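Let's walk through this structure together, one piece of architecture at a time. Please keep the 3D view open as you read.

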Amino acid sequence: MPKGPPTELFMPPNLLKTKVGGTIAGLDTAAIKRAEAAMENLKTEFSDWIADDIARFVNAYDAFLATKDHSRCSNLFRASHDLKGQAATFEFPLVARVASSLCKLIATLGSHDKVPLPLVEAHVDAIRVIYRDRIKDVSNLTALTLVEELEKRVTKALAHASHES
Amino acid sequence: MSGYRFDKLKILVVDDNQHMRKLVITVLQAFGTTHILEAEDGERAWAIMREANPDVVLLDWQMPGMTGVEFAQMVRTSPKTPNPFVPIIMLTGHTHIDHVRQARDAGVNEFLAKPVSVKGILTRLVSVIEQPRPFVRTSTYFGPCRRRRTGGEYKGTERRSTAEVTAVDG
């Protein structure tokens, strides 16, 4: 077997440690409490932030629907992905879960012509409704049933697409 | 014993979502970091990298234009990079193991799945400060060693065919 170039393994100097000094044992617990308090204070802005993110998501969906353009599908994926990552932080965990389901659908089926539009629309409507009704409780039975149904349908759609290809 | 002087660090936060940037920056400021730079896309982040040479990069994955993964690869391998060793912490909504591997293969040091938390950000920062990974250069990869630390010293035979461990200056 021909030998490739040698693998080089080396340890760069730890400039970060030199800069910050201190020790993990001496980690400033007050700083952690300060950060948690700052995060708590930000919560007053979360309702505006989630509203912005959902508006952007709905706009991305409308643009995709109007043009069926693949780049618009990427925008819809990015907006869904933002909701997937952020909605739980902004106290809408079920919105995050629906967005995650939509991300899975779009990411797996790729181009717009393979993405089943009614299922995309069902996700968008679910996110709208959960947000409209301010459902923040993950155990809300109606919302949970809706989310689980969407997840099942995505699984089914992906299995169907995989069977066809 | 003293705590870390986070005020000595210059941190670049890259995320196309302004709310997420604000959230992360608020947490960093509470830790004591005062020198925080922000960018909403990879192109701007690259310009800031070259102008300001930050000590740590907190990086989103999904952004319009250059993705976080592409940005990390550029930082590690571009001849124009100001610091190929800069610790990169990826904050992302991606959670699948394939995405973790892809980020790792791009040269990302630490991976933090959203939703973000104070503890999550802090533990990743502590990790890059206290447990920096050695760097590896092969014909196809340059970046932090991709083998996960196990907390103990590996006692088996060396599996890299021609490993050389050296220290570098600078």
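**The sheet of chain B and its helices**

In chain B, strand β1 (residues 10–14) is joined to β2(B) by five bridges, and the two run parallel. Strands here are DSSP runs of E with at least two residues, helices are runs of H or I with at least four, and both are numbered from the N terminus; two strands pair if DSSP finds at least two bridges between them. Within this pair, Val14(B) sits opposite Ala39(B) of β2(B).

The model is predicted, with local features needing pLDDT of at least 70 and side-chain atom pairs pLDDT 80 or more, while totals for chains, interfaces and linings use all residues. Residues are numbered from 1 along each chain as written, chains are lettered from A and ligands numbered from 1 in written order, and side-chain values use heavy atoms, without hydrogens and water.

Now step back to the whole sheet: five strands of chain B form an open, parallel sheet in the order β2-β1-β3-β4-β5. Its edge strands, each pairing on one side only, are β2 (35–39) and β5 (110–113) of chain B. Helix α1 (residues 18–31) of chain B packs on the sheet, touching β1, β2, β3 (56–60) and β4 (88–92) of chain B; contact means heavy atoms within 4.5 Å. The direction of α1 makes about 170° with that of β2(B), where angles run from 0 to 180 degrees between N-to-C directions, with axes fitted to C-alpha atoms, for helices over the stretch in contact. Helix α5 (residues 118–130) of chain B also packs on the sheet, touching β1, β3, β4 and β5 of chain B, at about 175° to the direction of β5(B).

Over in chain A, helices α4 (residues 93–109) and α6 (residues 141–164) pack at about 10°, with axes 10 Å apart.
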